[in-house]
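Dear colleague,

I am handing over the structure below, and after it I set out what was found, so please keep the view open while you read.

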Amino acid sequence: MQAVGMHKVLHKTRQFGELVMFSHTLFSLPFAVISMVWAAGGFPSWHVMLWGLIALVAARNGANAFNRLADRRFDAANPRTAHRHLPRRLLGTREVVIFVVVNYAVFIFAAAMLNPLCFALSPVAIFLITTYSYTKRFTWLSHLYLGFVIASAPIGAWFAVTGAFAFTPFVLGTVVMLWIAGFDVIYGTQDIEFDRSHGLWSIPSYFGLKTGLLMAKAMHLVMMMLLVMLYFIQDLGWLYLTGLGIAVILLMTEHGIIRPANTRVMKMASYHLNQIISMVILFFTLMDFFLIH
């Protein structure tokens, strides 16, 4: 009986992990770690690292689960997303709502454990990560809003360490915003006709495929320019620039393989390559910081 119960718990845990695409934490986590290290001038205390990471994971889990709730009607109607957990009733609406509430509560508690500024801003963060789900119903700026929301990871990480505002985390946050928005536009090219027929807004559906992809390239170009600016702001070295060079090659590869009709290739372009990009930037930034400085 205990074995059966444990199997059910593990199965349900795996389903929730798939629901919120837990592996996609690699988009925001590396930049949050970079922000913490820069803010602390080294690795922050274990207290800050622990509660900062708990806050980040809880916030994104709650936000992703809420997004699935908000979009369940569209997901069910879209052949590309009809396999997701809520359309297939692998998870019930009630239990996903509970999951969202629990994660938001954990986020607020973790923010309170960090410092007064993080705690005071936690309701604002919840408002932002929750409202994203509705922006695609009325504006093609939804991609940038998504990036803006995820940009709170490095900004919040800085606040977690210092409890104060600064210029650097907002530059790093803008990097994340443009990077996320750019590859979200690429991802959105798969649903141009569906979005148009269902009244959903996106850059590809509003401006067309060619213009949409040009806008994604422009976002990623500005992103890299800001990363170069951080090289001067943080007085970094050649290892950091090496990481940026590799990231540029990966971004060029990403834009070169886009095939909206090929789901497997689009997952590679929108997700897998970007997970590698974030880890490359993290690795070379930390190597530069600890070996050269």
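**The cavity and a helix pair**

The largest cavity is lined by F31, I34, W38, L172, L227, Y240, I281 and T285. Please bear in mind that this is a predicted model, and that everything described here was computed from it.

To begin with the empty space, a probe the size of a water molecule, rolled over the atoms, shows where such space is left. With the rule used here, the count comes to 1 cavity of 30 Å³ or more, and the largest cavity holds about 30 Å³ of space. When the lining residues are sorted by class, 7 are nonpolar and 1 is polar, while no charged residue takes part. Two helices, α2 (29-40) and α14 (263-292), each contribute at least two residues to this lining, and the largest share, 3 residues, is supplied by α2.

The other finding concerns a pair of helices, α3, which spans residues 46-70, and α5, which spans residues 93-114. How do they lie against each other? Their axes are 8 Å apart and the helices pack at an angle of about 155 degrees; since angles over 145 degrees count as roughly antiparallel, α3 and α5 are therefore roughly antiparallel to each other. The crossing in which α3 passes α5 is left-handed. In the contact between α3 and α5 there are 21 nonpolar and 6 polar residues, and no charged ones.

With best wishes

Definitions and conventions
Residues are numbered from 1 along each chain as its sequence is written. This is a predicted model: local features need pLDDT of at least 70, side-chain atom pairs count only at pLDDT 80 or more; totals for chains, interfaces and linings use all residues. Side-chain values use heavy atoms; hydrogens and water are left out. Axes are lines fitted to C-alpha atoms, for helices over the stretch in contact, and angles run from 0 to 180 degrees between N-to-C directions. Helices (H or I, at least four residues) and strands (E, at least two) are DSSP runs, numbered from the N terminus. Angles under 35 degrees count as roughly parallel, over 145 as roughly antiparallel, 65 to 115 as roughly perpendicular and the rest as oblique. A crossing is left-handed if the near helix is turned anticlockwise from the far one by less than a right angle, and right-handed if clockwise. Ala, Val, Leu, Ile, Met, Phe, Trp, Tyr, Cys and Pro count as nonpolar, Asp, Glu, Lys and Arg as charged, and the others, Gly among them, as polar. On a 1 Å grid over the protein atoms alone, a cavity is a set of points where a 1.4 Å probe fits but cannot get out, and a pocket is an open set with protein on both sides within 12 Å along at least five of seven lines; lining residues have an atom within 4 Å of a point. Grid points are joined across faces, edges and corners, and a volume is the space filled by probe spheres set on the points.
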